[in-house]
Amino acid sequence: MTQETLALHHGYDKRAFGTMSVPIYQTTAYDFETAEHAANLFALKELGPIYTRLNNPTTDILEARIAALENGEAAIATASGQAAIFCAIANLAAVGDTIIVAKKVYGGSTTLLTHTLKRFGIKAKVFESDHADDLEALIDENTKAIFFEALSNPQIAIPNIEKIVAIAQKYNIISVCDNTVATPILFQPLNHGVDVSVHSASKYICGQGSALGGLVVEAKGLNAKLIGNPRYPHFNEPDESYHGLVYAQLPFPIFSLRIRLSLIRDIGATISPYNSWLLIQGLETLSLRIKEHSRNAYKVASFLKSHPKVKHVSYPALESDALHGRAKQYFKDGMTSGLLSFEVEGLEFAKHILNTTKLFSVVVNIGDSKSIITHPASTTHQQLSRDELERSGIKEGMIRLSVGLENADDLIEDLKVALG
Ligand SMILES: *Cc1c(COP(=O)(O)O)cnc(C)c1O
């Protein structure tokens, strides 16, 4: 079945209540009816709702739909994109381990993966994702994950995905791709050999900036890569926190199950059923919206490209963009979402533009139906040192746009006035 149809119907059996809209199971707990049924659920003899911190029937549908849209085996939803990234990595690495992170990623991912995780004993090495020529040399026996973004926020870069995947496969290391910006409509990482995709569903999947949520999707057949793999002993040895359970012996997709049973259970970064419902609404129109965002952004990028005060535009869908070849190679019809960045001369002029536009809101979010303008160096990436800024490719005069669903002509007029 195609993605458009899956997004509307997959995972929900209307016959239960006959409701066209997926019901919101706004509940904390579930009636097990019998002691035996309760015991079976806790012993994983059957899977089913136990307590909403672990699972919820509304969230189940969101998880089934994203898994189908990504052509994955299974998925787990989390309270936010950050929680999804944390869970994906913490499911692979522990104290003493190393992860390898792309240079060009979301600011929050840089702080989480290179600073916060270090406090828990997980060290990050950074690789140059544009070409990935330095990646292989960074690998050793403690390397547990390779993390990158399919379309990076805010640099709008597309890494050498083929090479990253080939290296991850060669060393039997799990690759994790943040697919937030591309969405499964424009790019399906798992179809390209990536093992796990993660999302901030708060962005395009939600579509209207109304709910936070995160998703982790595991590839079909990922069990085979984890079972017996010496890099991942915790999937193959008894889990003390779950009465000696050995994940490798279970007949379920074990990557997401272990996140559910040993991370979300303990950390409690659970999505609320209401937010799951909002994200289900978002998924229904994702395919239409992301294409329209892309068409609008293409028009805005073309305008900026021709403006004398604009030094540089990053938008891989543009024929003149250095990454256009990769956009065509990986992304549906070469479309690269509503995200673009451009550079003007200096901090002050960049701020002037932010303060002058009327249709673009000064907001640190992306993927809203309303257009957004952001100055990464002074906001999302403010916590980064000058060195880190340089390394993540953030310039002082760089402005990021998340082009919304307004008419592109109105957006162009607004930018024309601001650029002066
Ligand atoms: C926003 C974002 C995140 C973090 O997601 P939250 O839902 O805000 O926690 C992670 N990765 C990317 C690429 C993002 O844009």
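Here are a few friendly notes on the ligand site of this predicted model and on a helix pair beside it in the discussion.

1. Let's start with the surroundings of the ligand. The shell has 15 residues, and those that come nearest are Gly81, Asp178, Ser200, Ser202 and Lys203. By class, the shell divides into 8 polar, 4 nonpolar and 3 charged residues.

2. Asp178 places an N or O atom of its side chain 2.7 Å from a nitrogen atom of the ligand. As for cover, the ligand on its own has 380 Å² of accessible area, and the protein covers 93% of that.

3. Which helix gives the most to the shell around the ligand? That is α4, spanning residues 81–90, which supplies 3 residues.

4. Two packed helices are described by the angle between their axes and the distance between the axes. For α4 and helix α5 (residues 107–116), the angle is about 35° and the axes are 11 Å apart. The crossing of α4 past α5 is right-handed.

5. Finally, have a look at the residues that make this helix contact. From α4 come Gln82, Ile85, Phe86 and Ile89, while α5 brings Gly108, Ser109, Leu112 and Leu113. The contact of α4 with α5 counts 5 nonpolar and 3 polar residues, with no charged ones.

How values were computed. Residues are numbered from 1 along each chain as its sequence is written. This is a predicted model: local features need pLDDT of at least 70, side-chain atom pairs count only at pLDDT 80 or more; totals for chains, interfaces and linings use all residues. Side-chain values use heavy atoms; hydrogens and water are left out. A residue is near a molecule or strand if one of its heavy atoms lies within 4 Å of it. A polar contact is a pair of N or O atoms within 3.5 Å; within protein, one must be able to donate a hydrogen and the other to accept it, and residues adjacent in sequence count only if both atoms are side-chain atoms. Accessible areas come from the Shrake-Rupley method with a 1.4 Å probe; for residues, only the protein chains shown count as cover. Helices (H or I, at least four residues) and strands (E, at least two) are DSSP runs, numbered from the N terminus. Ala, Val, Leu, Ile, Met, Phe, Trp, Tyr, Cys and Pro count as nonpolar, Asp, Glu, Lys and Arg as charged, and the others, Gly among them, as polar. Axes are lines fitted to C-alpha atoms, for helices over the stretch in contact, and angles run from 0 to 180 degrees between N-to-C directions. A crossing is left-handed if the near helix is turned anticlockwise from the far one by less than a right angle, and right-handed if clockwise. Contact means heavy atoms within 4.5 Å.
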